[in-house]
Amino acid sequence: MIFTMFQHKLIEWFEKNRRPLPWRKNYGPYEVWVSEIMLQQTQMETVLPYFDRWMKAFPTLKSLAGADEKRVLKLWEGLGYYSRARNLHQSAKLLVEKNGGCFPEDFESILALKGVGRYTAGAIASIAFNKPKPIVDGNILRVLSRLYTLKEPIDGNIETFWKLQESLIPKENPRDFNQALMELGALVCSPQNPACALCPLRTFCQAYKEGNPEAYPVRSPRKKTVKVEAAALALKKSGKYLLRLRPLGGIMGGLWEFPEWKLVRDKTLPIEKKSTRLKNLIKKEFGLNGLRIEPAGRIKRNYTHHLETLDVFTATLDENISPKTKWEHAWASPKEFSKYPFSSAHAKIAALLI
């Protein structure tokens with residue numbers, strides 16, 4: 001009986017407070033799929049303009065399947081984790097080829113799509129098709145850990161949350177229930193300073209009763225952050241810059257970049273030493289000796305447990321000199337940069353050169 005009231009209060013709150021997100025207009029499976037993939041590792045505020053541009057460019061699954069990969073990656077530029085875009089593209093092609101361009105409804109077929117895990121499959125099944133499938137994301141972890149004052153660190157105990165969330169889902173309207181839990185975590189049950197006075201579940205919440213909601217969820221000690229110093233080279237020849245293609249299958253595979261090297265870890269180098277090291281690396285990789293390089297800017301880049309300082313250098317080659325290259329490359333003028341999908345850091349380098 002208490003769960004029935006729990007479900008009722010939560011869904012009633014959601015009906016009054018839900019955000020007008022674009023994929024909630026019709027809950028089309030294609031739109032829900034794209035939104036869930038974009039929201040992996042990315043904040044809602046960042047995703048919304050990308051989602052809007054994506055849907056204008058690829059309004060249907062078939063239009064995505066027929067798109068050029070370079071255009072797909074260019075539209076994803078700045079979102080990071082580019083394998084997500086390639087997985088969407090490849091899965092769309094497969095669904096057009098094998099499934100007549102229709103998105104599958106059953107959980108196992110959704111889970112079999114490239115780049116779709118347990119959470120994403122559950123989210124699509126429940127949100128697009130209103131099926132009672134559990135989902136556990138960061139927001140739901142936080143809400144459940146506070147409701148039940150779960151003392152075990154969430155790292156290594158994730159199955160507890162999956163089983164608990166599954167036990168709470170009503171058979172009727174699981175779409176709104178699952179979204180409501182996520183929405184509650186996003187709008188009310190925030191990591192710091194949760195708005196407990198506005199929470200529809202505060203009478204059920206053990207952490208609220210104890211007066212210490214911010215003590216949950218319990219986490220294991222954080223891993224040490226690694227500091228990295230790196231350098232990138234904007235090498236110019238006849239008005240064009242050298243770009244290289246990152247190999248498929250690796251990190252940011254399929255993206256273009258200015259040549260880049262890691263210099264040191266957990267040390268700080270003055271710009272003069274970075275310049276000297278970069279010249280040695282240029283000589284080793286390109287066979288270019290005595291190249292004159294100039295600092296052009298500095299970019300900070302953060303990724304999993306890494307803080308990176310990327311110094312950008314420029315250099316100009318005579319027309320009769322060509323660097324040796326072992327990888328797929330291109331020469332592009334600043335006007336042509338818009339054709340090439342870059343990571344967010346290298347898009348900033350491109351902006352420095354325009």
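Q: Which residue stands opposite Glu308 in strand 6?
A: Arg301 is the residue opposite Glu308 in strand 6. Strands here are DSSP runs of E with at least two residues, and helices are runs of H or I with at least four residues, numbered from the N terminus. The model is a predicted one, in which local features need pLDDT of at least 70, side-chain atom pairs count only at pLDDT 80 or more, and totals for chains, interfaces and linings use all residues. Residues are numbered from 1 along each chain as its sequence is written, and side-chain values use heavy atoms, with hydrogens and water left out.

Q: In what sense do strand 5 and strand 6 pair, parallel or antiparallel?
A: Strand 5 (residues 294-303) pairs with strand 6 in the antiparallel sense over nine bridges; two strands pair if DSSP finds at least two bridges between them. In their hairpin, with two residues between the strands, His305 takes a positive phi near 60 degrees.

Q: And strand 1 with strand 6, parallel or antiparallel?
A: Strand 1 (residues 226-237) and strand 6 (residues 306-316) pair in the parallel sense, over 11 bridges. Lys227 stands opposite Leu307 in strand 6.

Q: Changing topic, how many residues has the largest nonpolar core?
A: The largest nonpolar core has 76 residues, and Trp33 and Phe103 are among those with the most contacts inside it. Such a core is a set of buried Ala, Val, Leu, Ile, Met, Phe, Trp, Tyr and Cys residues joined through side-chain atoms within 4.5 Å. Buried means under 20% relative accessible area, exposed over 50%, and partly exposed in between, with a 1.4 Å probe and protein chains only.

Q: Which helix gives the most to this core?
A: Helix 8 (residues 118-129) gives the most, with eight residues.

Q: Where is Pro217?
A: Pro217 is in the loop between helix 12 (206-210) and strand 1. A cis peptide bond joins Tyr216 and Pro217, with omega about 0 degrees.

Q: Last one: why does Asn130 count as partly exposed?
A: Asn130 counts as partly exposed because its relative accessibility is 31%. Asn130 has a positive phi of about 60 degrees although it is not a glycine.
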